[in-house]
Amino acid sequence: MIYIALLRGINVGGKNKVKMADLRTILEEMGLGRVQTYIQSGNVLFEADEEEGPLRQRLERELEARLGFAVAVVVRTLDEWKKVAAGCPFSDEEIAEAEAASDAESLYVAFMPEAPLPEKAERLSEYRTDNDKYRIDGRDVYLLFRYSVRDSKLAINLHKLDVPVTVRNWKTVNKLLALGTAMA
């Protein structure tokens with residue numbers, strides 16, 4: 001099975017630095033096949049014959065042991081990734097409008113290892129505005145920013161979901177889809 005793993009919080013602001021070559025080596029030594037990385041922010045594609053939950057836990061344990069710091073990992077199968085890429089809830093018009101108002105990326109997906117509890121998900125509603133929109137779909141949160149993710153109260157409050165969250169822009173979502181599809 002082809003998996004896409006997202007490592008949270010590596011190579012951000014000079015903290016938790018990990019060379020992608022080292023990351024590939026660690027995963028290969030764990031017995032994962034056809035390991036490849038994409039950019040420096042902890043995006044990894046590989047083959048494995050394990051179930052997602054035990055695989056994620058094994059990745060987190062091994063990465064912490066080898067890197068010396070805890071790394072939250074989100075794992076999706078290629079089929080799940082395809083559904084994420086096909087499931088954007090925002091209209092082309094909404095996306096185009098947000099992109100026209102912004103000088104940065106507008107469309108993102110926040111990935112979580114499990115869906116937030118409904119009462120935790122409700123906590124985000126106070127941060128929804130005309131400029132910052134979101135839709136939660138199970139373990140994924142689609143985010144649309146009219147101005148910038150950096151200035152967004154919604155973005156900085158994703159932690160209120162009480163589950164680990166790692167965010168990727170739409171270009172990265174589509175690039176990982178293309179890389180995973182090429183591996184299939």
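Which helix does Arg-24 lie in? Arg-24 lies in helix α1, where helices (H or I, at least four residues) and strands (E, at least two) are DSSP runs, numbered from the N terminus.

Hi everyone, a quick word on the ground rules. This is a predicted model, where local features need pLDDT of at least 70, side-chain atom pairs count only at pLDDT 80 or more, and totals for chains, interfaces and linings use all residues. Residues are numbered from 1 along each chain as its sequence is written, and side-chain values use heavy atoms, with hydrogens and water left out.

Back to Arg-24, then. With a relative accessible area of 28%, Arg-24 is partly exposed; buried means under 20% relative accessible area, exposed over 50%, and partly exposed in between (1.4 Å probe, protein chains only). Contact here means heavy atoms within 4.5 Å. Leaving aside neighbours within four places in sequence, Arg-24 is in contact with Val-35, Gln-36 and Thr-37. Ile-136 is 112 residues from Arg-24 along the chain, and 31 Å separates their C-alpha atoms.

Now, how does α1 sit against α2? The two helices pack at an angle of about 125°, and their axes are 11 Å apart. Axes are lines fitted to C-alpha atoms, for helices over the stretch in contact, and angles run from 0 to 180 degrees between N-to-C directions. That makes α1 and α2 oblique to each other, since angles under 35 degrees count as roughly parallel, over 145 as roughly antiparallel, 65 to 115 as roughly perpendicular and the rest as oblique. On the α1 side, Leu-23, Ile-26, Leu-27 and Glu-29 meet Leu-59, Glu-62, Leu-63, Arg-66 and Leu-67 of α2.

While we are on α2, have a look at Arg-56, which lies in that helix, residues 52-67. Is Arg-56 buried or exposed? Arg-56 is buried, at a relative accessible area of 16%. Beyond its neighbours within four places in sequence, Arg-56 is in contact with Val-73, Val-75, Pro-113 and Glu-114. For contrast, Lys-15 sits in the loop between β1 (2-7) and α1 (20-29), and counts as exposed at 58% relative accessibility. With neighbours within four places left aside, Lys-15 is in contact with Gly-9 and Ile-10.

On to the rings. How many aromatic pairs does the structure hold? There are four. One to show you is Tyr-108 with Phe-145: the ring centres are 5.6 Å apart and the planes are at 65°, so the pair is edge-to-face. The rule is that rings of Phe, Tyr and Trp (its six-membered ring) pair if their centres lie within 6.5 Å; planes under 30 degrees apart count as stacked, over 60 as edge-to-face and the rest as tilted. This pair links distant parts of the chain, with Tyr-108 in strand β5 (residues 107-111) and Phe-145 in strand β7 (residues 140-145), 37 residues apart. Both Tyr-108 and Phe-145 are buried.

Last stop, for those of you who like backbone torsions. Most residues other than glycine have a negative phi. Ile-39 has a positive phi, near 50°. Ile-39 is in the loop between β2 (33-38) and β3 (43-47) and counts as partly exposed, at 42% relative accessibility. Asp-162 also has a positive phi, near 65°. Asp-162 is in the loop between α6 (153-156) and β8 (166-169), and at 48% relative accessibility it counts as partly exposed.
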